[in-house]
Amino acid sequence: MYTYLNEKTASIELREAECLWGEWSAPHTVATAAQYPQLYGAFLTPSFLKDNGKTLYFIMSMFGAYNTFVIKATLLVP
């Protein structure tokens with residue numbers, strides 16, 4: 001799993017793969033600029049994963065507040 005800022009969609013996205021060299025999943029949006037204006041950064045560590053990776057916490061930064069926030073995301077598994 002990794003998280004990143006997609007500047008084109010103004011969102012924090014997450015992708016998953018079985019191993020580092022891929023094949024990586026399609027992006028899953030976990031936060032948007034509509035929810036969190038001026039968001040950037042998305043830092044994830046394995047210790048922030050719960051429920052076998054279905055619930056995760058990541059550190060997200062915002063320019064306006066110029067601070068970092070812990071954000072919780074729950075992935076919907078089909």
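Close-up 1. Glu13 stands opposite Thr29 in strand E3, and Tyr4 in turn stands opposite Glu13 in E2. The model is a predicted one, in which local features need pLDDT of at least 70 and side-chain atom pairs count only at pLDDT 80 or more, whereas totals for chains, interfaces and linings use all residues. Residues are numbered from 1 along each chain as its sequence is written, and side-chain values use heavy atoms, with hydrogens and water left out. Strands (E, at least two residues) are DSSP runs numbered from the N terminus, as are helices (H or I, at least four). E2 and E3 pair in the antiparallel sense over four bridges, where pairing requires that DSSP finds at least two bridges between two strands.

**Close-up 2. The open sheet of E1, E2 and E3.** Three strands make up this open sheet, in the order E1-E2-E3 and with antiparallel pairing. E1 and E3 are the edge strands, each of them pairing on one side only. From one strand to the next the twist averages 30°, with axes taken as lines fitted to C-alpha atoms and angles running from 0 to 180 degrees between N-to-C directions. Because four of the five residues of E2 are buried, this strand is largely enclosed by the rest of the structure; buried means under 20% relative accessible area, exposed over 50%, and partly exposed in between, with a 1.4 Å probe and protein chains only.

**Close-up 3. The hairpin of E1 and E2.** Four residues lie between the strands of the hairpin, and Ala10 in the turn has a positive phi of about 55°.

**Close-up 4. The aromatic cluster of Tyr2, Tyr4 and Trp24.** These three residues form one aromatic cluster, and the structure as a whole holds three aromatic pairs (ring centres within 6.5 Å, using the six-membered ring of Trp; planes under 30 degrees apart are stacked, over 60 edge-to-face, the rest tilted). Tyr2 and Trp24 form an edge-to-face pair, at 4.8 Å centre to centre and with 90° between the planes. This pair links distant parts of the chain, since Tyr2 belongs to strand E1 (residues 2-6) while Trp24 lies in the loop between E2 and E3, 22 residues apart. Tyr2 has 34% relative accessibility and therefore counts as partly exposed, and Trp24, at 30%, also counts as partly exposed.

**Close-up 5. The hairpin of E6 and E7.** E6 and E7 run antiparallel and are joined by eight bridges; Ile59 stands opposite Val70 in E7. The hairpin has four residues between its strands, and Tyr66 in the turn has a positive phi of about 40°.

**Close-up 6. The largest nonpolar core.** This core has 13 residues, and those with the most contacts inside it are Ile12, Val30, Ala31, Leu56, Phe58 and Met60; such a core joins buried Ala, Val, Leu, Ile, Met, Phe, Trp, Tyr and Cys residues through side-chain atoms within 4.5 Å. Two or more residues each come from strands E2 (11-15), E3 (28-32), E4 (39-43), E6 (55-62) and E7 (67-74), and E6 gives the most, with four residues.

**Close-up 7. Confidence along the chain.** The protein averages a pLDDT of 91, and 97% of the residues score at least 70, on the predictor's scale of confidence in each residue from 0 to 100.
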